[in-house]
Amino acid sequence: MSSDVGNALFSELLMADQLVRNRLSKVLPKGMELSHFGVLNLLARLQAERTPAELARAFHVTRGAMTNTLSKLEWAGYVHIRPDWDDARRKLVSISPSGKAARDAALAAISPLIDDIAQSLGDARVRQTIPVLREIRLRLEGP
């Protein structure tokens with residue numbers, strides 16, 4: 001692959017990322033940031049508790065940054081944070097019903113845009129694109 005193709009690919013990825021973030025930030029509930037939505041979305045998809053350290057690793061942020069995000073989410077009532085009864089040094093985080101509702105509302109608000117894009121591209125093209133994007137993500141996550 002020529003460097004021109006690689007540069008064009010990453011230019012398109014960065015611009016698409018910026019546009020998605022911009023659109024999503026406009027429909028998030030008042031006071032919710034993209035980082036908050038990301039945590040809620042992950043917890044809703046996993047349907048399981050996670051430690052703050054596990055969440056920090058998943059989002060490639062420091063524990064301090066994740067602690068700050070979780071504090072804001074807990075204050076808003078979007079997550080529950082409890083002690084780990086097996087290891088008193090750890091805490092466990094789960095999404096609350098209001099957190100799930102806020103996440104679902106944000107997804108519902110952006111779904112028409114996503115559906116319109118997917119429909120205009122066609123199922124076959126979208127399905128072909130997903131493995132490529134996944135591979136890029138996995139390579140970027142690597143060591």
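Reader: How much space lies in the second largest pocket?
Author: About 290 Å³. This is a predicted model, so that value, like the others here, is computed from predicted coordinates.

Reader: Which residues line that second largest pocket?
Author: The lining consists of Thr51, Pro52, Ala53, Arg63, Thr67, Leu70, Ser71, Glu74, Ile81, Arg89, Arg90 and Lys91. Two elements, α3 and α4, each give two or more residues to this lining.

Reader: Which element gives the most there?
Author: Helix α4 does, with five residues in the lining of the second largest pocket.

Reader: And how do those lining residues divide by class?
Author: Five are charged, four are nonpolar and three are polar.

Reader: OK, on to the largest pocket. What is its volume?
Author: The largest pocket holds about 2200 Å³ of space. It is lined by 44 residues, and those closest to its centre are Leu13, Ala16, Asp17, Val20 and Leu133.

Reader: Which elements give two or more residues to that lining?
Author: They are α1 (3-27), α2 (34-46), α3 (52-59), α4 (63-76), α5 (97-121) and α6 (123-141). Helix α1 gives the most, with 13 residues.

Reader: What classes of residue make up the lining of the largest pocket?
Author: The lining has 30 nonpolar residues, eight charged and six polar.

Reader: Let's step back to the whole fold. How many helices and strands does the protein chain have?
Author: There are six helices and two strands in the protein chain. Along the sequence they come in the order α-α-α-α-β-β-α-α.

Reader: What box do the C-alpha atoms fill?
Author: Roughly 50 × 35 × 25 Å, taken along the principal axes.

Reader: What share of the residues is buried?
Author: Buried residues are 25% of the 143 in the protein chain. The chain exposes about 10100 Å², and carbon and sulfur atoms supply 57% of that area.

Reader: What about contacts between residues 24 or more positions apart?
Author: Among contacts with a separation of 6 or more, 52% are between residues 24 or more positions apart.

Reader: Which residues does UniProt list for a domain?
Author: The UniProt entry, which is unreviewed, lists residues 6-138 as "domain: HTH marR-type". Over residues 6-138 the chain is 74% helix and 8% strand.

Reader: Now some single residues. Which loop holds Gln47?
Author: Gln47 sits in the loop between α2 and α3. Its phi is positive, about 50°, although Gln47 is not a glycine.

Reader: Is Gln47 buried or exposed, and why?
Author: Gln47 is exposed, because its relative accessible area is 69% and the cut-off for exposed is over 50%.

Reader: What is the phi of His60?
Author: His60 has a positive phi of about 55°, and it is not a glycine either. His60 lies in the loop between α3 and α4. With a relative accessible area of 56%, His60 counts as exposed.

Reader: Where is Asn22?
Author: Asn22 is in helix α1.

Reader: Why does Asn22 count as partly exposed?
Author: Because its relative accessibility is 34%, and partly exposed covers the range between the buried cut-off of under 20% and the exposed cut-off of over 50%.

Reader: How far apart are Asn22 and Leu34?
Author: They are twelve residues apart in sequence, and their C-alpha atoms are 9.4 Å apart in space.

Notes:
Residues are numbered from 1 along each chain as its sequence is written. This is a predicted model: local features need pLDDT of at least 70, side-chain atom pairs count only at pLDDT 80 or more; totals for chains, interfaces and linings use all residues. Side-chain values use heavy atoms; hydrogens and water are left out. On a 1 Å grid over the protein atoms alone, a cavity is a set of points where a 1.4 Å probe fits but cannot get out, and a pocket is an open set with protein on both sides within 12 Å along at least five of seven lines; lining residues have an atom within 4 Å of a point. Grid points are joined across faces, edges and corners, and a volume is the space filled by probe spheres set on the points. Helices (H or I, at least four residues) and strands (E, at least two) are DSSP runs, numbered from the N terminus. Ala, Val, Leu, Ile, Met, Phe, Trp, Tyr, Cys and Pro count as nonpolar, Asp, Glu, Lys and Arg as charged, and the others, Gly among them, as polar. Buried means under 20% relative accessible area, exposed over 50%, partly exposed in between (1.4 Å probe, protein chains only). Contact means heavy atoms within 4.5 Å. Accessible areas come from the Shrake-Rupley method with a 1.4 Å probe; for residues, only the protein chains shown count as cover. UniProt positions are given in the numbering used here, feature names are shortened, and annotations may be inferred rather than shown by experiment.
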